[in-house]
Amino acid sequence: MKKATSSMDSQKLTRLTLAFLAGAVIGILVSFTVNCTLVEISINAFFAVYFGILFLLIAGLILWRVKNGDHPRPCLLMSFSSLVLVSGLLCFILEKNWFVNMSAGFKVPLYSILGVAVCFALLFSIIDLINYCCGMCQSHEARPLVETETQVYLVVTAAVIMGFIFGLVFGLLDVEDADMGHLKVALLRDESICYPIGGILGGIASAINQYLREEHDDYTFNSLETHELDDDDDDF
(Lines give C-alpha, C1' and ligand atoms only; values in the text may rest on other atoms or scores of the structure.)
Protein backbone atom coordinates (compact mmCIF):
# COMPACT_ATOMS: atom_id res chain seq x y z
CA MET A 1 0.00 0.00 0.00
CA LYS A 2 2.81 2.38 0.91
CA LYS A 3 4.66 1.51 -2.30
CA ALA A 4 1.56 2.24 -4.38
CA THR A 5 1.05 5.57 -2.61
CA SER A 6 4.72 6.46 -3.04
CA SER A 7 4.53 5.57 -6.74
CA MET A 8 1.45 7.76 -7.22
CA ASP A 9 3.13 10.68 -5.43
CA SER A 10 6.22 10.26 -7.59
CA GLN A 11 4.15 10.25 -10.77
CA LYS A 12 2.24 13.30 -9.62
CA LEU A 13 5.49 15.14 -8.86
CA THR A 14 6.81 14.21 -12.31
CA ARG A 15 3.69 15.56 -13.99
CA LEU A 16 3.89 18.79 -11.99
CA THR A 17 7.56 19.18 -12.92
CA LEU A 18 6.83 18.63 -16.60
CA ALA A 19 3.95 21.09 -16.39
CA PHE A 20 6.26 23.67 -14.78
CA LEU A 21 8.87 23.24 -17.53
CA ALA A 22 6.26 23.45 -20.29
CA GLY A 23 4.74 26.53 -18.69
CA ALA A 24 8.17 28.13 -18.35
CA VAL A 25 8.81 27.65 -22.08
CA ILE A 26 5.40 29.10 -22.92
CA GLY A 27 6.02 32.03 -20.56
CA ILE A 28 9.33 32.85 -22.28
CA LEU A 29 7.71 32.60 -25.72
CA VAL A 30 4.88 34.87 -24.58
CA SER A 31 7.43 37.36 -23.21
CA PHE A 32 9.30 37.40 -26.51
CA THR A 33 6.09 37.78 -28.53
CA VAL A 34 4.67 40.55 -26.33
CA ASN A 35 7.88 42.61 -26.48
CA CYS A 36 8.23 42.20 -30.25
CA THR A 37 4.58 43.11 -30.70
CA LEU A 38 4.96 46.29 -28.64
CA VAL A 39 8.03 47.26 -30.67
CA GLU A 40 6.32 46.72 -34.01
CA ILE A 41 3.18 48.57 -32.92
CA SER A 42 5.32 51.53 -31.85
CA ILE A 43 7.61 51.91 -34.88
CA ASN A 44 5.92 50.24 -37.86
CA ALA A 45 2.61 51.50 -39.24
CA PHE A 46 2.05 48.35 -41.32
CA PHE A 47 2.47 46.01 -38.35
CA ALA A 48 0.36 48.31 -36.19
CA VAL A 49 -2.52 47.79 -38.64
CA TYR A 50 -1.71 44.08 -38.90
CA PHE A 51 -1.81 43.54 -35.14
CA GLY A 52 -4.88 45.71 -34.88
CA ILE A 53 -6.75 43.43 -37.29
CA LEU A 54 -5.34 40.37 -35.53
CA PHE A 55 -6.52 41.61 -32.12
CA LEU A 56 -9.98 42.31 -33.52
CA LEU A 57 -10.19 38.79 -34.95
CA ILE A 58 -8.98 37.19 -31.70
CA ALA A 59 -11.41 39.27 -29.64
CA GLY A 60 -14.26 38.28 -31.96
CA LEU A 61 -13.25 34.62 -31.76
CA ILE A 62 -13.14 34.68 -27.95
CA LEU A 63 -16.54 36.40 -27.80
CA TRP A 64 -17.98 33.83 -30.20
CA ARG A 65 -16.52 30.91 -28.23
CA VAL A 66 -17.85 32.28 -24.94
CA LYS A 67 -21.30 32.91 -26.40
CA ASN A 68 -21.61 29.47 -28.02
CA GLY A 69 -19.73 27.42 -25.43
CA ASP A 70 -20.07 26.44 -21.81
CA HIS A 71 -17.39 28.47 -20.05
CA PRO A 72 -17.21 29.25 -16.34
CA ARG A 73 -17.42 32.96 -15.64
CA PRO A 74 -18.28 34.04 -19.23
CA CYS A 75 -18.63 37.68 -18.13
CA LEU A 76 -14.99 37.69 -17.03
CA LEU A 77 -13.78 36.32 -20.37
CA MET A 78 -16.01 38.74 -22.26
CA SER A 79 -14.56 41.64 -20.30
CA PHE A 80 -11.01 40.71 -21.20
CA SER A 81 -11.92 39.98 -24.81
CA SER A 82 -13.37 43.50 -24.88
CA LEU A 83 -9.99 44.74 -23.63
CA VAL A 84 -8.33 42.93 -26.55
CA LEU A 85 -10.89 44.56 -28.85
CA VAL A 86 -10.09 48.04 -27.52
CA SER A 87 -6.36 47.37 -27.84
CA GLY A 88 -6.91 46.37 -31.45
CA LEU A 89 -8.62 49.67 -32.11
CA LEU A 90 -5.76 51.53 -30.41
CA CYS A 91 -3.27 49.94 -32.82
CA PHE A 92 -4.87 51.85 -35.72
CA ILE A 93 -4.26 55.27 -34.14
CA LEU A 94 -0.88 54.83 -32.45
CA GLU A 95 2.17 56.31 -34.14
CA LYS A 96 5.79 56.57 -33.08
CA ASN A 97 5.78 60.38 -32.96
CA TRP A 98 2.73 60.33 -30.72
CA PHE A 99 4.48 57.94 -28.37
CA VAL A 100 7.61 60.08 -28.24
CA ASN A 101 5.65 63.19 -27.26
CA MET A 102 3.78 61.42 -24.48
CA SER A 103 4.91 61.70 -20.89
CA ALA A 104 6.12 58.61 -19.06
CA GLY A 105 3.17 58.85 -16.66
CA PHE A 106 0.76 58.26 -19.56
CA LYS A 107 2.91 56.11 -21.83
CA VAL A 108 3.83 53.41 -19.29
CA PRO A 109 0.23 52.62 -18.25
CA LEU A 110 -0.76 52.50 -21.92
CA TYR A 111 1.97 49.97 -22.67
CA SER A 112 0.89 47.99 -19.62
CA ILE A 113 -2.68 47.83 -20.94
CA LEU A 114 -1.46 46.75 -24.36
CA GLY A 115 0.79 44.16 -22.71
CA VAL A 116 -2.15 42.70 -20.78
CA ALA A 117 -4.26 42.53 -23.93
CA VAL A 118 -1.52 40.87 -25.98
CA CYS A 119 -0.68 38.40 -23.22
CA PHE A 120 -4.34 37.51 -22.66
CA ALA A 121 -4.93 36.92 -26.37
CA LEU A 122 -1.77 34.84 -26.68
CA LEU A 123 -2.42 32.62 -23.66
CA PHE A 124 -5.98 31.77 -24.59
CA SER A 125 -5.01 31.23 -28.24
CA ILE A 126 -2.23 28.85 -27.16
CA ILE A 127 -4.59 26.99 -24.81
CA ASP A 128 -7.22 26.63 -27.54
CA LEU A 129 -4.56 25.41 -29.98
CA ILE A 130 -3.26 22.81 -27.51
CA ASN A 131 -6.80 21.64 -26.75
CA TYR A 132 -7.50 21.29 -30.48
CA CYS A 133 -4.27 19.34 -31.13
CA CYS A 134 -4.90 17.04 -28.17
CA GLY A 135 -8.43 16.39 -29.39
CA MET A 136 -7.15 15.52 -32.88
CA CYS A 137 -4.43 13.20 -31.60
CA GLN A 138 -6.55 11.26 -29.08
CA SER A 139 -9.29 8.83 -30.04
CA HIS A 140 -11.34 9.44 -26.90
CA GLU A 141 -12.69 12.79 -25.82
CA ALA A 142 -9.80 14.83 -24.40
CA ARG A 143 -10.29 17.01 -21.36
CA PRO A 144 -9.48 20.70 -21.93
CA LEU A 145 -6.53 22.26 -20.15
CA VAL A 146 -8.77 24.88 -18.56
CA GLU A 147 -12.30 23.87 -17.62
CA THR A 148 -13.12 24.91 -14.05
CA GLU A 149 -13.83 28.37 -12.69
CA THR A 150 -10.65 28.31 -10.60
CA GLN A 151 -8.55 27.48 -13.66
CA VAL A 152 -10.09 30.36 -15.60
CA TYR A 153 -9.21 32.72 -12.74
CA LEU A 154 -5.68 31.31 -12.77
CA VAL A 155 -5.13 31.93 -16.49
CA VAL A 156 -6.66 35.41 -16.34
CA THR A 157 -4.52 36.31 -13.32
CA ALA A 158 -1.38 35.01 -15.02
CA ALA A 159 -2.19 36.97 -18.19
CA VAL A 160 -2.80 40.18 -16.25
CA ILE A 161 0.37 39.92 -14.15
CA MET A 162 2.65 38.88 -17.00
CA GLY A 163 1.23 41.37 -19.50
CA PHE A 164 1.33 44.23 -17.00
CA ILE A 165 4.95 43.53 -16.06
CA PHE A 166 6.07 43.15 -19.69
CA GLY A 167 4.39 46.40 -20.69
CA LEU A 168 5.67 48.18 -17.59
CA VAL A 169 9.28 47.15 -18.22
CA PHE A 170 8.97 48.03 -21.91
CA GLY A 171 7.69 51.51 -21.13
CA LEU A 172 10.14 52.23 -18.31
CA LEU A 173 13.14 51.27 -20.47
CA ASP A 174 11.88 53.50 -23.33
CA VAL A 175 12.51 50.76 -25.87
CA GLU A 176 10.26 52.46 -28.41
CA ASP A 177 12.30 55.70 -28.23
CA ALA A 178 15.58 54.03 -29.21
CA ASP A 179 16.85 54.77 -32.71
CA MET A 180 17.19 51.95 -35.21
CA GLY A 181 20.87 51.51 -34.47
CA HIS A 182 20.28 50.92 -30.77
CA LEU A 183 16.84 49.31 -30.94
CA LYS A 184 18.20 45.77 -30.89
CA VAL A 185 20.32 46.52 -27.83
CA ALA A 186 17.34 48.10 -26.04
CA LEU A 187 15.13 45.13 -26.92
CA LEU A 188 17.75 42.64 -25.70
CA ARG A 189 18.01 44.52 -22.40
CA ASP A 190 14.23 44.42 -22.06
CA GLU A 191 14.11 40.71 -22.87
CA SER A 192 16.89 39.92 -20.38
CA ILE A 193 14.54 41.19 -17.67
CA CYS A 194 11.29 39.76 -19.02
CA TYR A 195 12.50 36.26 -19.93
CA PRO A 196 13.14 35.13 -16.33
CA ILE A 197 9.88 36.73 -15.19
CA GLY A 198 7.90 35.05 -17.96
CA GLY A 199 9.56 31.69 -17.32
CA ILE A 200 8.94 31.74 -13.57
CA LEU A 201 5.35 33.02 -13.76
CA GLY A 202 4.47 30.71 -16.66
CA GLY A 203 5.95 27.70 -14.88
CA ILE A 204 4.16 28.44 -11.62
CA ALA A 205 0.81 29.01 -13.36
CA SER A 206 1.18 25.81 -15.39
CA ALA A 207 2.10 23.72 -12.33
CA ILE A 208 -0.85 25.11 -10.36
CA ASN A 209 -3.18 24.41 -13.30
CA GLN A 210 -1.94 20.80 -13.47
CA TYR A 211 -2.49 20.43 -9.73
CA LEU A 212 -6.05 21.75 -10.08
CA ARG A 213 -6.73 19.35 -12.97
CA GLU A 214 -5.60 16.38 -10.90
CA GLU A 215 -7.60 17.53 -7.88
CA HIS A 216 -10.64 17.81 -10.14
CA ASP A 217 -9.98 14.27 -11.41
CA ASP A 218 -9.88 12.93 -7.86
CA TYR A 219 -13.13 14.70 -7.00
CA THR A 220 -14.84 13.32 -10.11
CA PHE A 221 -13.60 9.80 -9.38
CA ASN A 222 -14.80 9.92 -5.80
CA SER A 223 -18.19 11.22 -6.84
CA LEU A 224 -18.53 8.46 -9.42
CA GLU A 225 -17.47 5.85 -6.92
CA THR A 226 -20.06 7.03 -4.39
CA HIS A 227 -22.74 7.02 -7.07
CA GLU A 228 -21.88 3.48 -8.04
CA LEU A 229 -22.11 2.36 -4.42
CA ASP A 230 -25.53 3.93 -4.15
CA ASP A 231 -26.63 2.02 -7.26
CA ASP A 232 -25.34 -1.22 -5.74
CA ASP A 233 -27.32 -0.55 -2.57
CA ASP A 234 -30.46 0.00 -4.60
CA ASP A 235 -30.00 -3.35 -6.32
CA PHE A 236 -30.13 -5.08 -2.95
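How many residues does helix 2 have, and how far does helix 2 reach from its first C-alpha to its last? The legends below take up this question and others, using a predicted model.

**View 1. Helix 2, end to end.** Helix 2 covers residues 45-68. It has 24 residues. From first C-alpha to last, helix 2 reaches 35 Å. That is close to the 34 Å expected at 1.5 Å a residue.

**View 2. The buried residues of helix 2.** Eight names belong here: A48, F51, G52, F55, I58, A59, I62 and V66 are the buried residues of this helix.

**View 3. The largest nonpolar core.** This core holds 43 residues. V30, V34, L77, V84, F120 and V156 touch the most other members. Two or more core residues come from each of helix 1, helix 2, helix 3 (74-91), helix 5 (104-137), helix 6 (149-172) and helix 7. Helix 5 gives the most, with 12 residues.

**View 4. A nonpolar patch on the surface.** L18, F20, L21, I200, I204 and I208 form this patch. Together they have about 540 Å² of accessible area. Helix 1 (2-43) and helix 7 (180-235) each supply at least two of the patch residues. I204 lies in helix 7. I204 counts as partly exposed because its relative accessibility is 40%.

View 5. Is C119 buried or exposed? C119 counts as buried because its relative accessibility is 0%. C36 is partly exposed, since its relative accessible area is 21%. A disulfide is a covalent bond between the sulfur atoms of two cysteines. With sulfur atoms within 2.5 Å as the cut-off, the count of disulfides is zero.

Conventions. Residues are numbered from 1 along each chain as its sequence is written. This is a predicted model: local features need pLDDT of at least 70, side-chain atom pairs count only at pLDDT 80 or more; totals for chains, interfaces and linings use all residues. Side-chain values use heavy atoms; hydrogens and water are left out. Patches are made of residues with over 30% relative accessible area and no salt bridge: like charges are joined within 9 Å, nonpolar side chains (Val, Leu, Ile, Met, Phe, Trp, Tyr) within 5 Å. Accessible areas come from the Shrake-Rupley method with a 1.4 Å probe; for residues, only the protein chains shown count as cover. A salt bridge is a side-chain nitrogen of Lys or Arg within 4 Å of a carboxyl oxygen of Asp or Glu. Helices (H or I, at least four residues) and strands (E, at least two) are DSSP runs, numbered from the N terminus. Buried means under 20% relative accessible area, exposed over 50%, partly exposed in between (1.4 Å probe, protein chains only). The expected span of a helix is 1.5 Å times one less than its number of residues. A nonpolar core is a set of buried Ala, Val, Leu, Ile, Met, Phe, Trp, Tyr and Cys residues joined through side-chain atoms within 4.5 Å.
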